[in-house]
There are 2 protein chains.
Amino acid sequence: MKFVYDPFIRPLHHPPPDSITLPGILHALSDPVRLSIVAELRKAEDGLNCVETTGRLKCAMPKSTCSQHYRILRESGIIHSERRGVELTSRVRRKELDARYPGLLDMILKAWKREQE
Amino acid sequence: MKFVYDPFIRPLHHPPPDSITLPGILHALSDPVRLSIVAELRKAEDGLNCVETTGRLKCAMPKSTCSQHYRILRESGIIHSERRGVELTSRVRRKELDARYPGLLDMILKAWKREQE
DNA sequence: TTCCGAAGTTCACAAATACAGAACTAAAGA
DNA sequence: TCTTTAGTTCTGTATTTGTGAACTTCGGAA
């Protein structure tokens, strides 16, 4: 069977703001790793790529798993990713999220930070 | 194989406040049906049983599915359930949740209400 | 008292989802 | 050109979810 591969051609899918859903957001944030990824991304104004993020997380994780986590975050509408050469730079879609769910992400990340200590 | 059955003897499991986790909460709330169940429960100060809740929800759903949703909500720590004869009366664990995650549930339910309109 | 209906739970199985290793592609630099 | 780096896809396995069917218990009716 042929192995079809086109990661750099296939466009990344980002939902438009009005098709972001609350259950989708909550599901994306219902995983400790993803919560931590989002927390890191949110701190970094310029975005981070996967290596940088997992580096700061210091929780070892296979690349494939990491890739899946980013896909889930992206397709739920929490982050925006863009290819820069071989890297994928992601950042939190702050304005859009805050317009749709004011204060929600902040509150969740704050609670997560507390819970981590 | 023997069918072991003891629903009215087996105790309901409610996590103590300090073993409630944020990912657990978010996961429990990452389903539209469960969000709506919690919204109804939160409105009813005295608690509701499953039939009352699903009646108000007017989204038909098999009993087994409903039972699972309640189990997930209960084991995440969002609701407390207690048997009253043949019924199961559930209510939101407001004080405990608000102590641990101040304002979070309110914010989520408010966002859900907006999204429903 | 006995019987029946209502309320929920558990089981079993199918479908969907998640995880992680392996193979792979493309870009950038030596 | 060759190699390293960053990330994706595939695949098989494992876990989770949804639902019908069988079941138990309680409370009220007969």
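Chain A has 6 helices and 2 strands, where helices (H or I, at least four residues) and strands (E, at least two) are DSSP runs numbered from the N terminus. Read along the sequence, these elements of chain A follow the pattern α-α-α-α-β-β-α-α. The radius of gyration of chain A is 14 Å, close to the 13 Å that the globule rule gives for 117 residues, so chain A is as compact as a globular protein of that length; the radius is taken over C-alpha atoms, and the rule is 2.2 Å times the number of residues to the power 0.38. Along its principal axes, the C-alpha trace of chain A spans about 45 × 35 × 30 Å.

Before going further, a word on what you are looking at. This is a predicted model, in which local features need pLDDT of at least 70 and side-chain atom pairs count only at pLDDT 80 or more, while totals for chains, interfaces and linings use all residues. Residues are numbered from 1 along each chain as its sequence is written, and chains are lettered from A and ligands numbered from 1 in the order in which they are written.

Let us start with the strands of chain A. Strand β1 (residues 79-84) of chain A pairs with strand β2 (residues 87-92) of chain A in the antiparallel sense, over 6 bridges; strands count as paired if DSSP finds at least two bridges between them. If you look for A:Ile79, you will find its bridge partner, A:Val92, in β2(A). The two strands form a hairpin with 2 residues between them, and A:Gly85 in the turn has a positive phi of about 65 degrees.

One of the bridges joins B:Ser81 to B:Ser90 in β2(B). In this hairpin, with 2 residues between the strands, B:Gly85 takes a positive phi near 65 degrees.

Now to the helices. In chain A, helix α2 (residues 32-43) and helix α4 (residues 63-76) pack at an angle of about 70 degrees, with their axes 10 Å apart. Axes are lines fitted to C-alpha atoms, for helices over the stretch in contact, and angles run from 0 to 180 degrees between N-to-C directions. The angle makes α2(A) roughly perpendicular to α4(A); angles under 35 degrees count as roughly parallel, over 145 as roughly antiparallel, 65 to 115 as roughly perpendicular and the rest as oblique. The contact is made by A:Val33, A:Arg34, A:Ile37 and A:Val38 of α2(A) and A:His69, A:Ile72 and A:Leu73 of α4(A), with residues in contact if their C-beta atoms, placed from the backbone, lie within 7 Å.

In chain B, follow α2(B) to helix α3 (residues 50-57): their axes come within 10 Å and cross at roughly 110 degrees. That makes α2(B) roughly perpendicular to α3(B). At this crossing, B:Ser36, B:Ile37, B:Glu40 and B:Leu41 in α2(B) meet B:Thr53, B:Arg56 and B:Leu57 in α3(B).

Finally, let us bring the chains together. In all, 17 residues of chain B are in contact with 17 residues of chain A. On the side of chain B that touches chain A, α1 (22-28), α2 (32-43) and α6 (104-116) each supply at least two residues. The largest share of that side, 5 residues, comes from α6(B). By class, the side has 11 nonpolar, 4 polar and 2 charged residues; Ala, Val, Leu, Ile, Met, Phe, Trp, Tyr, Cys and Pro count as nonpolar, Asp, Glu, Lys and Arg as charged, and the others, Gly among them, as polar.

The axes of helix α6 (residues 104-116) of chain A and α6(B) come within 10 Å and cross at roughly 150 degrees. That makes α6(A) roughly antiparallel to α6(B). Here A:Leu104, A:Met107 and A:Ala111 in α6(A) meet B:Leu104, B:Met107 and B:Ala111 in α6(B). By class, this contact has 6 nonpolar, no polar and no charged residues.

Conventions: Contact = placed C-beta atoms within 7 Å.
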